[in-house]
Each structure stands twice: as structure tokens, then as C-alpha cells.
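Student: Hi! Could you walk me through some helix packing here?

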Amino acid sequence: MRNPVWQAVVRYGYIPFMLVVLNGAAYYSVAYGHTYVWLLPLLAMAFATAHIAERIAPFHDEWNHSHGDENANIWHTIVYEGTSAAGVLTIPLVAWLLQLKPGGLIGIWPREWPMLLQLVMALVIADFMFTLIHYLSHRYSALWRLHAVHHGASRIYSFNGLVRHPLHQMLDMALGTAPMAICGMPVEVAALLGFVISVQLIVQHSNVDAALGPLRNHMSIGRIHHLHHVNWGKEGDVNFGLFLTLWDRMFGTFAPEPPRPIKANDMGIDDAPRFPTSYIEHLAFPFRYTPGQPYPEPQETAAKVSPGRGAQTPAR
């Protein structure tokens, strides 16, 4: 039996700690000239906090049990964060190679603004661009094949927030953040932007029944995002936002409530119910998967499944 006091602490304190305290600590570290290395223990603290909170106040206990996906998710996290770090480090490298002065190729970024305002502007732009890319990734088959790697998970928990096919992550960076770097976004702001996005992805996918109060329908967290991950065919083509539901409201894709209760086994892709659990298979998935057709059983489980399973409802 869970302690109701700790459950209350998690329900009301988890979101403020993750989004305000940890992001605030990251901002303090970067703004006051400390090494970027400090962002690593803060990110580790975010994962640890989410892991503990998921055991105290989960949406579904089943999502805390192993689905055989831990190793793949660890590799996804390493690749995701490594690629993000490489992208940040590329900014001064490109400037040095091209002998650019501070301000970038175009030089329209408001570098004279306080760093906090620059970060807020970067977050607004990134939220819009990532929401748009996300929306398009559910509309076009070539993009969906890549993005489906993120949707294949049969549970939603903190460690699969960073699950991305590397090619789709490169697309996110090329369209979502690289233009800001070209316009002159400083390295410090880029590093903070990457950190805040990582924490948001952890929170967005946490199996934590956090109380959001009046912000419930304005933040892309909890049940709002769970509805996006359901394996109900096209019913999950809603709530594409990363941080806020603002852009979904503008696109007409915001859905505050599911048409029916969301159960623990409602996650995943309907035409790939036995999604592969190894990182290598995740990399190969977009090249073997045809949307709308049953996905072949993974080699390690196909022998255990009786033949003759019919095709599932066509996916997005």
C-alpha cells in the first residue's frame, strides 16, 4: 500500500521540481559561466526523480514493469543526448570554420537580450516547429515510418521520452533548431534549449499521475499526451505539442478528453502490436514497416506466436 503523504508530495511537487527547480538550476549553471558538464548530473537527477515518482504515484502500475525495452531505451537516450550535444558544439565549430563573427550567418538573433528572454523565445519557436514536424510526421508515410519508432512502445514512462530514430531526430534538429543557430543563437542558449527539451520529454512521458490544476488543458503532459499515444488507429492523431497545447488549438488538433478511458494496454501501434524491443531493430524498423500492413513478428518472438494472426486496423 502506497503512503498517501508521499503520493500527495509527488502529485503536487513533481512538475514544479522538474520544470522549475531543475531547469532553474540548469539556467543558473550556464548563465553564471559554469561548465556545461553540470547539465549531465542535472539530467541524471531528472531521470532519477521520474523513476522514483513513477513508483509512488503512477498512472498505471503495468507501465512500471519491464517490457523488455530497457536496453533499447538506454541506447536511444545515449544517442539522443549525444546527437543534441554534437549539435550544440557544431555552432562554434561552424563559426570558426567559416570565420564568422558573433551573430551567425544572418545575425538577426537578439543576442543583446537577457539570456532568459532569449531562452523563452527559443522555446516558443522550438515548440511551434516541433509541433509542426510532429503533425506532418503523422500525415506523410515516409515521415511516419521514422516517427513510428517513438510510438511503438507498449508503455509510457520516463525513459521512452527520448526514443527517436536518429534520422527523425536529425530532421527535428535541421528544421527545428538549426535555423535559430544560423540566425545567431548563442551556444549558451542552445545548450539550455536542449536541456529544457530533454526534461520536458521526460516529464511528458512520465508514468506519474501529477496534479496540473488549471494548467491541465494547456500543457502537453499526462493524459493529454497519453491520448496521442493510443493504438486506436487515427484517434491518436491529436495533441502534437511538445510544451503547450496552444499550437494544437490553432491547428484544430487539440483533444482534451479521450473518447473512452485509456487503459494500460492501449499504447503502441495497432498494426505492429509486437513491436521489436532491440535498438538495432528500431533502427531497421522504418525500412521494414509498411503503414497499414501487419508488421512482421520480431525474430525473437515470432517462434512463440501461432501463425495466422490477421491484419490489424490500419495505422496513421
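**Helix packing**

Tutor: The crossing of helix H1 and helix H7 is right-handed. Keep in mind that this is a predicted model.

Student: Okay, what's the packing angle of H1 and H7, and how far apart are their axes?
Tutor: H1 covers residues 4-31 and H7 covers residues 187-204; they pack at about 165°, with axes 10 Å apart. Angles over 145 degrees count as roughly antiparallel, so H1 and H7 are roughly antiparallel to each other.

Student: Which residues meet there?
Tutor: From H1, Tyr-14, Ile-15, Met-18, Leu-19, Leu-22, Asn-23, Ala-26, Tyr-27 and Val-30. In H7 they meet Glu-188, Leu-192, Phe-195, Val-196, Val-199, Gln-200, Ile-202 and Val-203.

Student: And by class, how many are nonpolar, polar and charged in the contact of H1 with H7?
Tutor: That contact has 14 nonpolar residues, two polar and one charged.

Student: Switching topic: at what angle do H5 and H6 pack?
Tutor: About 110°, with the axes of H5 (residues 141-151) and H6 (residues 166-182) 8 Å apart. That makes H5 roughly perpendicular to H6.

Student: Left-handed or right-handed, when H5 passes H6?
Tutor: Left-handed. Leu-143, Leu-146 and His-147 of H5 make the contact with Leu-167, His-168 and Leu-171 of H6.

Student: How many charged residues are in the contact of H5 with H6?
Tutor: None: by class there are four nonpolar and two polar residues, and no charged ones.

Note on methods. Residues numbered from 1 in each chain as written. Predicted model: local features only at pLDDT ≥ 70, side-chain atom pairs only at ≥ 80, totals over all residues. Heavy atoms only, no water. Axes fitted to C-alpha atoms, helices over the stretch in contact; angles between N-to-C directions. Helix = DSSP H or I, 4+ residues; strand = E, 2+ residues; numbered from the N terminus. Parallel < 35°, antiparallel > 145°, perpendicular 65-115°, else oblique. Left-handed = near helix turned anticlockwise from the far one by under 90°. Contact = heavy atoms within 4.5 Å. Nonpolar A, V, L, I, M, F, W, Y, C, P; charged D, E, K, R; others polar.
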